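Subject: Model handover

Hi,

Here is the structure I promised to pass on to you. Please have a look at it first, and then read my notes below.

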Amino acid sequence: MSVSDTPRAVDASVISLAHSLPKVSLHCHLIGTISATTLLELAAKHGVVMEGGRNADNLFDHDSYEDLGEFLRVLDVAGSVIRDVDDFHRVTYESLTQGGADHNVLYREIFLSPPGHAHSSYPTMLEGVVAGMRDARADTGIDSRLIVAINRERSAAEGLQLVEEVIANRIDEVVGIGLDYAEVNGPPEKFWKAYRRAAEAGLNRTAHSESGPPENIETILDLLGCSRIDHGYHVVEDPDITARCVAERVPFTCTPVSSDIGRYSGNGDGTHTKIAEMVDAGLCVTIDSDDPPMFGTDPSNDYLVLAKALGYGLDQLTAFTYNAIDAVWLDESDKQSLQTEATRRIAAIVEADTAAIP
Ligand SMILES: [Zn+2]
């Protein structure tokens, strides 16, 4: 199966392929997975009044997200309505079932951003989220872990305090830490102490770098000791850093739709130029959907937009999944099981496609 020169046939087969391919999700924020319906229901439950007559149809106006600040304000509202154990359970369960397993996501490492939930304690969040993870796994088979993310717009001391809280409430489901919100308001080096503490505690580390400069990628790797980069599109602006990341096979968790709207991986025109450059350079690129309902996307759609824009077929799309499996923070036996299941599903897709050809 591959993209051919017959557009009408291509569309149907590529849509089907993008949906049916097994996926491994390494860049998805819990707050950003809440549906408009759930957000409005939780707002009503907690007496939060939505500004400007917002309803399910106009809540997520992704045309306005060229300004990252505007998007982060929507995210703040979402975080403020997810408050008690039941809320965290519901949002987690929905994100892993309708927003995950229904798109053939086999495994997800979820960003949990405690600073975004001002009305909840960290133990409350964990109780609800972990229950949601367990129920989603029982009902659909999707497995998941948690990455606790520091808000880089807050102080370095607050970042360190969050890591201490993660360590004090250590559970197996939390496998690492991340760094999110606007990079321009919090350079990576600001959080070196929090990352050093996480390293001492044996936590895996990653960090967002959506706007650069490219040197921030080396800071994230060398000073923060990260094993992955979230976004990182500007790496291609520096040939030496690109060559290093290719040689070291540093995984980049790219999110085509949200990053195109945000003008990080393209110009908002759906051409995804920087992701194409990253793939062509031989970087270890993985694909995910970041904050799917808020950007009008889902895990299948992020594969689909690249297939359509860049002509990627089965080989490249499955490479994204295998790259993500290489990058997961699971132990070797769980990683091997994930690889085996992905390979089984891909073989079934190829077999069905071959059988369909007369
Ligand atoms: Zn993100």
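Let me start with a helix pair. Helix H2 (residues 36-45) packs with helix H4 (residues 85-96) at an angle of about 175°, and their axes are 12 Å apart. The axes are lines fitted to C-alpha atoms, for helices over the stretch in contact, with angles running from 0 to 180 degrees between N-to-C directions. H2 and H4 are therefore roughly antiparallel to each other (angles under 35 degrees count as roughly parallel, over 145 as roughly antiparallel, 65 to 115 as roughly perpendicular and the rest as oblique). H2 brings Thr38, Glu41, Leu42 and Lys45 to the contact, while H4 brings Asp86, Asp87, Arg90, Val91 and Glu94; contact means heavy atoms within 4.5 Å.

Some ground rules before you go further. This is a predicted model, in which local features need pLDDT of at least 70 and side-chain atom pairs count only at pLDDT 80 or more, while totals for chains, interfaces and linings use all residues. Residues are numbered from 1 along each chain as its sequence is written, and side-chain values use heavy atoms, with hydrogens and water left out. Helices (H or I, at least four residues) and strands (E, at least two) are DSSP runs, numbered from the N terminus.

Now to the sheet. It is open, with eight strands in the order S1-S2-S3-S4-S5-S6-S7-S8 and parallel pairing; two strands pair if DSSP finds at least two bridges between them. Strand S1 (23-29) and strand S8 (284-287) are the edge strands, each pairing on one side only. On average, neighbouring strands of this sheet are turned by 25° against each other, direction ignored. Within the sheet, strand S3 (residues 143-151) pairs with strand S4 (residues 174-180) in the parallel sense over six bridges, and Ile147 stands opposite Gly176 in S4. Lying across strand S6 (228-231), strand S7 (251-254) and S8 is helix H11 (residues 273-281), which runs at about 155° to S7.

Which residues of helix H9 are buried? In this helix (residues 239-247), they are Ile241, Thr242, Arg244 and Cys245, where buried means under 20% relative accessible area, exposed over 50% and partly exposed in between (1.4 Å probe, protein chains only). They cover an arc of only 160° around the axis, which puts them on the same side of H9; the arc is that of the directions from the helix axis to the C-beta atoms. The buried residues of H9 pack against helix H8 (215-223), S7 and H11. On the face turned away from that buried side sit the exposed residues Pro239, Asp240 and Ala247. At the start of H9, the backbone nitrogen of Asp240 has a side-chain oxygen of Asp238 within 2.9 Å. After H9 comes Arg249, with a positive phi near 50°.

- Ser25 lies in strand S1 and is buried, with a relative accessible area of 2%. Ser25 touches Val105, Tyr107, Arg108, Glu109 and Asp288, not counting residues up to four places away in sequence. Ser25 and Asp290 are 265 residues apart in sequence, but 9.2 Å apart in space, C-alpha to C-alpha.
- Thr297 is in the loop between S8 and helix H12 (299-310), and counts as buried at 8% relative accessibility. The side chains of Thr297 and Asp302 are joined by a polar contact of 2.8 Å (a pair of N or O atoms within 3.5 Å; within protein, one must be able to donate a hydrogen and the other to accept it, and residues adjacent in sequence count only if both atoms are side-chain atoms).
- His272, in the loop between helix H10 (256-261) and H11, is buried at 3% relative accessibility. Leaving aside neighbours within four places in sequence, His272 is in contact with residues including Pro256, Asp260, Val305 and Leu310.

Finally, some backbone details. Gly212 and Pro213 are joined by a cis peptide bond, with omega about 5°, and Pro213 lies in the loop between strand S5 (204-209) and H8. Tyr181 has a positive phi near 75° and is buried, with a relative accessible area of 11%. Arg263, in the loop between H10 and H11, has a positive phi near 65° and is partly exposed, with a relative accessible area of 36%.
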